[in-house]
Amino acid sequence: YRNILLGLLFLGIAASLKRVVFGLMFGKKTFQNYNKQVTHVMHSILLVSQVANLAKEIEVAGITGGSLHVDLDAGDGDSESEDENAASRSLTLTQRTKITEMVGDWEEPEVESYDSSKIGIGDIIQFSQTLACINNHFPFTYAFGNARTREACIESAQDVFDRFKRHTQSVGRGIRFEVIARVACGATGNIDQKEAKRLIRLFRPSRDGTLEKIDFVKSCDNVYKELRLMQASIANSTQIDDASEKLYNIAFYLIYLFLFLLGIRGAEDSYQFFLQLFAVITPLSFAIKSACGKYVEGVMLILFRKPFEIGDRVALADVYADASLTGASTWFVENVNLFTTTVRYAVTNEVACIANSSFVDNRIINAKRSPNALIRINLRFGVGVQRSKIDLFYKTVQEYAKDRPREFLQLNNLSASSIEVERGYVEYILVAQHVESWQQMGQVWKSQVDLTRFCHELSTRLLMKYENPCLPIELEIDKGDSNSEDDSEFPQDFTADLFSKRVKRPVTYRAEGGDD
């Protein structure tokens, strides 16, 4: 009886230590997997919150002291006679120049490395507190408004924009980005370069420094969607950790059962008990060997590789197959557990359930984790097109891309891929980098179609468009067999007139294909 009590006491202590170890292990794994994502989302939430607070301050100033106008033509702020309040509320000429320069320059996001060996309990606790802080109806602070649902977030974003519109100088249907850029000014009035770049990457103002209402709302909506998808991914990861803990519990309690029987009944009796148990399990293990092997492969894929999360756009392909230059046919990940993954086809919204072991031997393409999408457009120009026209064409397309900062990050190059002298054309490939990744495939395709249409219209205006030459085609009409049954379908006089003599005459047609 005493041995049983001691065994139960040790079981409680061992179970408590197990929970602590597993809690730290799963906490470190979650922190390591989502630390960068949470940091990025928190930076975006902080920027939106600061913009909302700025709109609130401007509204209060406009109510108490009349409408507040931003003086865009003011000096550089070095004059002693300048009003201190106006200097603190408006950007200087030097600051506006810096903003304008940064609007035209698009740089790659900064990648910060984090040493996983330095993750401690304090980091895990702070991470949990951060998630609890944004898990409410006002993640963008009360100045922004209710963001419990996407519809509420869109309405609150419109209200914030309307505050800027009412109490600052507007430009058409939009506002000047300089107004929002004031949140990047520090206590000394100087612009924080990193903060300003984050603002530009978040709101993507036009090249002339204006920001329209639809663009402002879309930016806030993108932050909201990133927040909710991150929360769903972390919740799903927690469910997977709970399921994996159950597997660890099975192994833990089996080992403890062996040790418990070893202490209660002795080594010989315990050996006989487990020998009989293994005699029953061994034949069964051979029967389900293949299924268990696939099951273990799927579990290890989800636990250790973690190739996708909820909301990711993924595609499967053979490991040795060539990749598509226009993007692969994709599925959205709806739910993930240790055994299966629920996906939804992006084209038809059909839902499918796939065993995790099916992903093991395939190449998994994750559009969300991929960098900014590259758009490739094939163009054909005549061999006689001068280099000056090609340079003018490329410069004009560059201006087109720069005028659309919410679509294109940059225009990479325009290079010749093949020269067909006999056919009279040179084939070029135009490569542009989109702001979004292939996760937003609809936006990427729309931008690709618009850019392709613009390139063809521009090549037509510059007389650079290649036209297929006319190719001769020889047609021969023969009378054939006069006794065939098909001839009886025509009137006698018609067939006699048509086949009164053999016709053999070359006829020239315009061939659109160029190769036939």
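What follows is a chat about salt bridges, a helix, a sheet and the cysteines of a predicted model.

Biologist: How many salt bridges does the structure hold?

Modeller: The structure, which is a predicted model, holds 19 salt bridges. Among them is one in which the side chains of lysine 18 and glutamate 245 meet, at 4.0 Å from N to O.

Biologist: Where in the chain are lysine 18 and glutamate 245?

Modeller: They lie in distant parts of the chain, 227 residues apart, with lysine 18 in helix H1, which covers residues 2–65, and glutamate 245 in helix H9, which covers residues 213–287.

Biologist: Is lysine 18 buried or exposed? And which residues are linked with it in a network?

Modeller: Lysine 18 has a relative accessible area of 9%, and since buried means under 20%, lysine 18 counts as buried. Glutamate 245, with a relative accessible area of 11%, is buried too. As for the network, Lys18, Arg19 and Glu245 are linked by salt bridges.

Biologist: What about glutamate 399, which side chain does it meet?

Modeller: The side chain of glutamate 399 meets that of arginine 207 in a salt bridge, with a distance of 2.5 Å from N to O. This pair also links distant parts of the chain, because glutamate 399 sits in helix H11 (residues 387–402) while arginine 207 sits in the loop between helix H8 (193–203) and strand E3 (210–212), 192 residues apart. Glutamate 399 counts as partly exposed at 31% relative accessibility, and arginine 207 counts as partly exposed at 38%.

Biologist: And which residue does aspartate 215 meet in a salt bridge?

Modeller: Aspartate 215 meets arginine 406, side chain to side chain, at 3.4 Å from N to O. Aspartate 215 belongs to helix H9, whereas arginine 406 is in the loop between H11 and strand E10 (408–420), and the two are 191 residues apart. Aspartate 215 is buried, its relative accessible area being 17%.

Biologist: Changing topic to H4: how far does it reach?

Modeller: Helix H4 comprises the 14 residues 121–134 and reaches 21 Å from its first C-alpha to its last, which is close to the 20 Å expected at 1.5 Å a residue.

Biologist: Which residues of H4 are buried, and why do they line one face?

Modeller: Ile124, Phe127 and Ile134 are buried in H4. Seen down the axis of H4, its buried residues fall within an arc of 100°, and therefore they line one face of the helix. On the other side of H4, the exposed residues are Ile121, Gln126, Gln129, Ala132 and Cys133.

Biologist: What is the strand order in the five-strand sheet?

Modeller: The order in this open sheet is E7-E6-E5-E4-E8, and the pairing is antiparallel. Strand E7 (351–355) and strand E8 (363–366) are the edge strands, each pairing on one side only. From one strand to the next, the twist averages 40°.

Biologist: How many bridges join E4 to E5?

Modeller: Two bridges join strand E4 (residues 313–317) to strand E5 (residues 331–336), and these strands run antiparallel. Valine 314 stands opposite tryptophan 331 in E5.

Biologist: Last one, how many disulfides does a search of the whole structure find?

Modeller: A search of the whole structure finds zero disulfides. Cysteine 153, for instance, is in no disulfide, and the nearest cysteine sulfur, belonging to cysteine 220, is 6.3 Å away, whereas a disulfide needs the two sulfur atoms within 2.5 Å. Cysteine 153 is buried, with a relative accessible area of 1%.

How values were computed:
Residues are numbered from 1 along each chain as its sequence is written. This is a predicted model: local features need pLDDT of at least 70, side-chain atom pairs count only at pLDDT 80 or more; totals for chains, interfaces and linings use all residues. Side-chain values use heavy atoms; hydrogens and water are left out. Helices (H or I, at least four residues) and strands (E, at least two) are DSSP runs, numbered from the N terminus. The expected span of a helix is 1.5 Å times one less than its number of residues. Buried means under 20% relative accessible area, exposed over 50%, partly exposed in between (1.4 Å probe, protein chains only). The arc is that of the directions from the helix axis to the C-beta atoms. Two strands pair if DSSP finds at least two bridges between them. Axes are lines fitted to C-alpha atoms, for helices over the stretch in contact, and angles run from 0 to 180 degrees between N-to-C directions.
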